[in-house]
Amino acid sequence: MITVKQFTFNFLEENTYLLYDETKEAVLIDCGCITPDEENTLSGFIDKNSLTLKKLLSTHYHFDHVIGNACIFHKYGIRPEIHRGEKNVHTPTLNMQASKFGISMSFEEIEPLRNIEDNEEIHFGHSVLKALLVPGHSPASLAFYSEADKLIFAGDVLFSGSIGRTDLWGGDYDTLIKSIKTRLLTLPDETVVYPGHGPSTTIGAEKTDNPYFSSQTSTKAL
C-alpha cells in the first residue's frame with residue numbers, strides 16, 4: 001500500500017509528493033524545493049524514515065515543479081524522468097520560464113535520465129504507477145496513476161474545482177479538456193486526485209462539481 005507524504009514548496013506553493021510503501025522504497029514526484037530549509041525538510045523526512053529513493057518523476061517541465069531536481073541529483077545521484085515531449089531543444093529554460101513571473105534567479109537544469117512513455121508502468125517496492133499522457137497544460141504532461149490504491153498525481157492538469165492554465169508554452173485549452181475527459185474522468189469516482197497546487201480532490205467530485213465540466217454538460221444538454 002502506498003503512503004503519500006505531501007510537501008508544499010517554493011514561492012508558487014507547489015505540491016511535491018513522496019510516495020513509499022512497506023518496502024521503504026520511494027519515488028518523488030515533482031520536486032519543487034528551492035531553499036536550504038525546504039531541501040533539508042525533504043531529505044530529513046527521507047532519512048528519518050529510512051527510505052530508499054529509487055526514482056524522480058516529473059509530470060511536466062514547468063520550472064516550479066522541477067527546480068528541486070538539482071538538489072535530488074546532487075544528494076542522491078538520481079536524475080529525473082519525464083516524457084520526451086516536455087524536455088527538448090524547444091523547451092524554454094528554467095530561467096526563461098521564471099522570468100515570465102518576474103523572478104530573476106539562476107536555476108541549475110538537470111538533464112533527464114530517460115523518457116517515460118504513455119501507459120508505461122513504473123515500479124517501486126511492491127507498488128506500481130501507470131503513466132498517463134495528458135497534454136494541454138503543457139506539451140506532454142503526465143499523470144501517475146495507482147490503480148491498486150486509487151490515487152492519481154495529476155500535476156497541473158486538474159485541480160479541485162478547476163483546471164490548469166493553458167497560456168504558457170505548449171498549452172492548449174481544447175487539448176487539455178480532451179485529456180481530462182478521456183484520461184482522468186474515466187477513472188473510478190473514488191480515485192483521489194493529488195494536484196500540483198492546492199488541496200486534493202476526487203474524480204467523482206470533479207465530474208459533478210468542477211464548473212469546466214458541469215457547464216459543458218449543461219450546454220450540450222440544451
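**Salt bridges in the predicted model**

A search of the whole structure finds eight salt bridges, a salt bridge being a side-chain nitrogen of Lys or Arg within 4 Å of a carboxyl oxygen of Asp or Glu. The model is predicted, and local features need pLDDT of at least 70, side-chain atom pairs count only at pLDDT 80 or more, and totals for chains, interfaces and linings use all residues. Residues are numbered from 1 along each chain as its sequence is written, and side-chain values use heavy atoms, with hydrogens and water left out.

One of the salt bridges joins the side chains of Glu81 and Lys55, with an N to O distance of 3.2 Å. This pair links distant parts of the chain, since Glu81 belongs to strand 5 (residues 80-82) and Lys55 to strand 4 (residues 52-57), 26 residues apart; helices (H or I, at least four residues) and strands (E, at least two) are DSSP runs numbered from the N terminus. Glu81 is buried at 2% relative accessibility, and Lys55 is also buried, at 18%, where buried means under 20% relative accessible area, exposed over 50%, and partly exposed in between (1.4 Å probe, protein chains only).

Arg114 and Glu120 form a further salt bridge, with their closest N and O atoms 2.4 Å apart. Salt bridges that share partners join Lys55, Glu81, Arg114 and Glu120 into one network. Within this pair, Arg114 is partly exposed at 30% relative accessibility, whereas Glu120 is buried at 18%.

A salt bridge is also found between Arg84 and Glu117, whose closest N and O atoms lie 2.7 Å apart. Arg84 lies in the loop between strand 5 and helix 4 (94-99) and Glu117 in the loop between strand 6 (114-115) and strand 7 (121-124), so the pair ties together parts that are 33 residues apart in sequence. Arg84 is partly exposed at 45% relative accessibility, and Glu117 is partly exposed at 35%.
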